Amino acid sequence: MKIIIDGKELEVEGKKTILNIAQENDIFIPSLCDHPRLAPFGGCRLCIVEIKGRKNYAPSCCTYADDGMEIKTKTPRLQRLRREILELILSEHPNACLICSEKENCDDYKSTIRKVGETTGCVLCSNNGRCELQDIVETQQIEQVKFPSFYRDFEVKKSDPFFDRNYNLCILCGRCVRICHEVRGASAIAFVNRGSQTVVGTVLDLPLLDSGCQFCGACVDVCPTGALTERAIKYEMLPEETKKSVCPLCSAGCELKIDLMGGKILGSKPSEDGAVNRGQACVKGRFIIRDLVYSPRRILKPLIRANKKLEEVSWEEALDFVTRRLKKYKGKEIALITSPQLSCEDNYLFQKFARERLKTENIGSSYSFSPLAVYHEMSQKNQLGLALNFKIRDISKAKVIFLLGEDLAVSHPLIWLEVLEAVKNGAKLIVASPNELPLNRFSSLWLQIKPGSEFHLLSFLSRILIENGGAGRLSRIEEFDSFKNSLNKLDISQVFEITGITEKELIKTARLLLEEEPAAFLFGMGLTQHPWGSQNVAALQNLALQTQAQLFPLGLENNLRGLFEVGRNYPDKGLAFNKIIQGASSGDIKALYLAGPMPYLNKAKLEFLVLQDCYINENFELADAVLPATTFAETEGTFINEEGRVQRFKKVVEPVGDAKPDWWVISQLACKMGNKGFNYKDVSGIMKEMSKVIPGFSNISYLKLENGKEIFIRDEKKRRKSFIPLKDNGPLYKTSKKYPYLLFVDYSLDYYRSLPLGRESLGLRKIRDSRWIKISPEDAKKLKLDEGESLRVESSSGSFNGFVKIIESMPKGTISTSLLWSEDSDFSAVSFFTGFFQEENALGMLPVKIKRGK
Amino acid sequence: MEKVIDEFDKDQRELIHLLHEIQKQFGYIPAHMISQIARQLKISESEIFGVLTFYKAFTLKPRGKHLITICMGTACHVRGAPKILDEFKRELSIEPGETSGDNLFTLETVNCVGACALGPIVIINGDYHGQMKTREVDKLIKICRQKNGKR
Ligand code: SF4
Ligand code: SF4
Ligand code: SF4
Ligand code: SF4
Ligand code: FES
Ligand code: FES
């Protein structure tokens, strides 16, 4: 269709608002409440236009273009009205600076006067110079405010982590309320009161901490004023420069804009044009990046142990020392631990170094117990060749979503946004989890299963579907009969008791699963953590075949997929992660090279321990050599996110101290230990080599990535459709009189390399402290435990401490804690590792007892 | 309390209806019920708070036996409503929005109740008293007190 704006004829396709069309064609219409991620609202009325043939002025942000429309955006009458509207807004906003005739020169003369409690004008406002309201006022040439000024005199809210709320500066555009509701699904804030009393607030005016806030910062980012401001940068200057990077703190890999000042990071924000995140992030990427780069725990200099003490040395000395010592050990006596938070290039060099120089295949990482590992193994074992790649955006198009056990808003914030979008478009969400998750209020059905009973839930759902006549079309799929027989062998009498789910609920679930297409099944550690995790995944894959659902395996770390793709290029595998730990304790492993997370090794019988890390951790004291590594912000490379998307990240700041990129350290060592094959000048040389030797990487080129091409890693080709006969995996976890509680682990990735994020960020610690031991109100009452009290958890394989956190939604008889590799060892559930690692890729749950005190 | 909430469908559109029911039964919306309503209707607590502070009909504080509402709309205002309000404040020693210590009176103001011609208007327990004079305030309060057997 054709429309005319200000005399210009424009061709328009699809349903679009006048404001959108104007923006696309560089026609400026002032607007304050409209936002590209939000539904049209029409609150501020600044965007009014005249439409030929209509009597009233139309707000262009919520008026859709029609064929033949003639629109004027700049008539004198409109200009006058807009100025009036803006003056009205400004009458309740500190406006002296906005209309001051000296404002041009003001910056040159004023000294630092921003550190005042009250903001009475732009020069006292932390938003000065980056303020949308300021910009709009500038365009409207406001010289005076005719209406009486009014200062609302609200107290500035400062008690929450990360940002302050000063509603004296709020213009009630509603963007924060809407983004929190529409996009984040938190609805922590709302318009409160009515008429002239209206203000943005929380329930009973409680802190955001008690109002369901995720601290994603989305509201801060959309606020057009200084009402919502990040505390850390409140008194900082405006950034000199902004560079892009990729967040390494979960498997989504949000594109971040890193603000810089004098070569240092000021803060980080989600990038609006990030292909994955489209302007959104989460508390970690938004508020913690600066803390993790400038952590006081950073290792600044290489150190070696000489005369029993760690001493600072030059890189040259340190590398010589490590080379000399490593040469003393035979291949099988050496093991390496790498990290799925390191780049593809780093991980490739680790593999190559291990095999070509150290002659060992013992290279482990936390990959081995990731959902990806379990899923892929199941697929291989049954020769299915299941797809590993997916598109995050496809989740938002699903009509039925089955979510197993993940607290998505915490563990996979970006995936959660897609699920929410699907639900808002009418999708049915089914959640199976032992505890009530905040996102459950968006579900059509919440199956409160007993911990560890997913297998029974899934296989009985399969059985119901078959019994209700779903067999016809399916019976032609391979292995249908043996699958059906295996289902028939399962003892149906106990399913309700084992799962805690009623027959009615099971039937309702089955019906919902069949009702609509497409269906998406989302699963992560919650499903695969158990020793019988691969049976769980098999049961889920059968159900997916029956309902034509797509499976979305959700790993935790940012480059899990990259590490996997590099690793699978090497067919002969050495010891897995848990076996390496066992080998270190038994003395079979004599030299250990740590570049990834590892529990406290105080019991290990090692002769030589190298620590290549960014942060001092408890293993630091045990190390014989310490090599300071850079964080992601100080180096470059590629990550592959959960979708299989290849993400190039670049160096944003110079390394702190003498820290060096991991790939550099490894290639230097390799060059000292031999003379061929490790002469890399930079990462691009490594990637070039990888694209030749690793088939999965053959389509990756830096050049293409830099030109903005979307590249996904090569995926499985030979797909095969087949059911998998199921095996009952026997009894679930059994508690006993001695160990009456079941401990399970919360999977949120709250660490970067060996740094527990909560250690550096007190804000995050307020939201989720890794030392919390979560317990139900009933159990707390029974044991007379108060919130915050010290608690000791014991199992047959160890013990650790923590603090009581009473959580309404915890099921009775269970406690949970976060999985951190290297928190203070006293507070780390990983001290249980021998108990947890019942199998190669399972952490499982543990029967424990709890005691008050330390 | 749970019973009132449980009788409602898990449907967000029921919110206002449910709030009315609670207000009717308890005379106010007890703050601790907000989280129960949130779970039942699957909306956030802040959203509920937003709705219940939007409507004057809902209160978070218990109300006295006698609700005295004074119109402060423009017409009533020019006809002397502020003086009437002052008189009530003085007699009862409470501010608008507050309830007297003996839980007998709650004082509130509104903007126009649509009976401008009769202004200034005072509504006591739903009964309209038009063309109020300051000296009648004392009398009205006494009548209420008598109904409760107090002098
Ligand atoms: S919010 Fe913007 S317009 Fe208002 S005082 Fe701050 S800088 Fe000035
Ligand atoms: S930080 Fe996120 S969750 Fe919290 S109020 Fe803002 S938008 Fe809502
Ligand atoms: S706080 Fe900011 S975003 Fe929210 S309504 Fe006020 S001005 Fe708009
Ligand atoms: S942690 Fe994940 S969701 Fe959060 S900003 Fe980083 S990549 Fe995005
Ligand atoms: S931008 Fe259109 S009404 Fe605010
Ligand atoms: S102003 Fe009081 S009734 Fe209208």
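This is a predicted model: local features need pLDDT of at least 70, side-chain atom pairs count only at pLDDT 80 or more; totals for chains, interfaces and linings use all residues.
Start with chain B. It has 151 residues, and 40% of them count as buried. Seven helices and four strands make up its secondary structure. Read from the N terminus, the elements run α-α-α-α-β-α-α-β-β-β-α. Along the principal axes, the C-alpha trace of chain B spans about 50 × 35 × 20 Å.

Next comes the interface with chain A. The size of an interface is often given as the accessible area lost when the parts come together. Here, about 1,400 Å² is buried between chain B and chain A. Carbon and sulfur atoms give 55% of that area. On the chain B side, Lys42(B), Ser46(B) and Phe49(B) lose the most area to chain A. Together these residues account for 37% of what that side buries. The contact draws 15 residues from chain B and 20 residues from chain A.

Now turn to chain A and its helix H19, residues 503–515. Which residues of H19(A) are buried? They are Leu506(A), Thr509(A), Ala510(A), Leu512(A) and Leu513(A). They cover an arc of only 165° around the axis, so they sit on the same side of H19(A). An α-helix has 3.6 residues a turn, so residues three or four places apart point the same way. The face of H19(A) turned away from the buried side carries Lys504(A) and Arg511(A), which are exposed.

Follow the chain out of H19(A). The loop between this helix and strand E20 (519–523) contains Pro518(A). A cis peptide bond joins Glu517(A) to Pro518(A), with omega about -10°. Chain B has a cis bond too, between Gly119(B) and Pro120(B), where omega is about -10°. Pro120(B) lies in the loop between strand E2 (105–110) and strand E3 (122–124) of chain B.

Most residues other than glycine have a negative phi, and most peptide bonds are trans. Two residues depart from the phi pattern. Arg753(A) is not a glycine, yet its phi is positive, about 50°. Arg753(A) is placed in the loop between strand E28 (751–752) and strand E29 (755–756) of chain A. Is Arg753(A) buried or exposed? Arg753(A) is buried, with a relative accessible area of 2%. Asn103(B) also has a positive phi without being a glycine, at about 60°. Asn103(B) lies in the loop between helix H6 (81–92) and E2 of chain B. With a relative accessible area of 46%, Asn103(B) is partly exposed.

Finally, the ligands. The shell of ligand 3 has 14 residues, and the closest are Cys170(A), Cys173(A), Gly174(A), Cys176(A) and Cys223(A). By class, this shell holds eleven nonpolar, two polar and one charged residues. The residues around ligand 4 include Cys247(A), Cys250(A), Cys254(A) and Cys282(A). Lys284(A), Gly285(A), Pro413(A) and Leu414(A) are also among them. Helix H8 (283–287) and helix H15 (413–424) of chain A each supply at least two residues of the ligand 4 shell. That shell divides into eight nonpolar, two polar and one charged.

Definitions and conventions:
Residues are numbered from 1 along each chain as its sequence is written. Chains are lettered from A and ligands numbered from 1 in the order in which they are written. Side-chain values use heavy atoms; hydrogens and water are left out. Buried means under 20% relative accessible area, exposed over 50%, partly exposed in between (1.4 Å probe, protein chains only). A residue is near a molecule or strand if one of its heavy atoms lies within 4 Å of it. Ala, Val, Leu, Ile, Met, Phe, Trp, Tyr, Cys and Pro count as nonpolar, Asp, Glu, Lys and Arg as charged, and the others, Gly among them, as polar. The arc is that of the directions from the helix axis to the C-beta atoms. Contact means heavy atoms within 4.5 Å. Buried area is the accessible area (1.4 Å probe) that two parts lose on being put together, summed over both.
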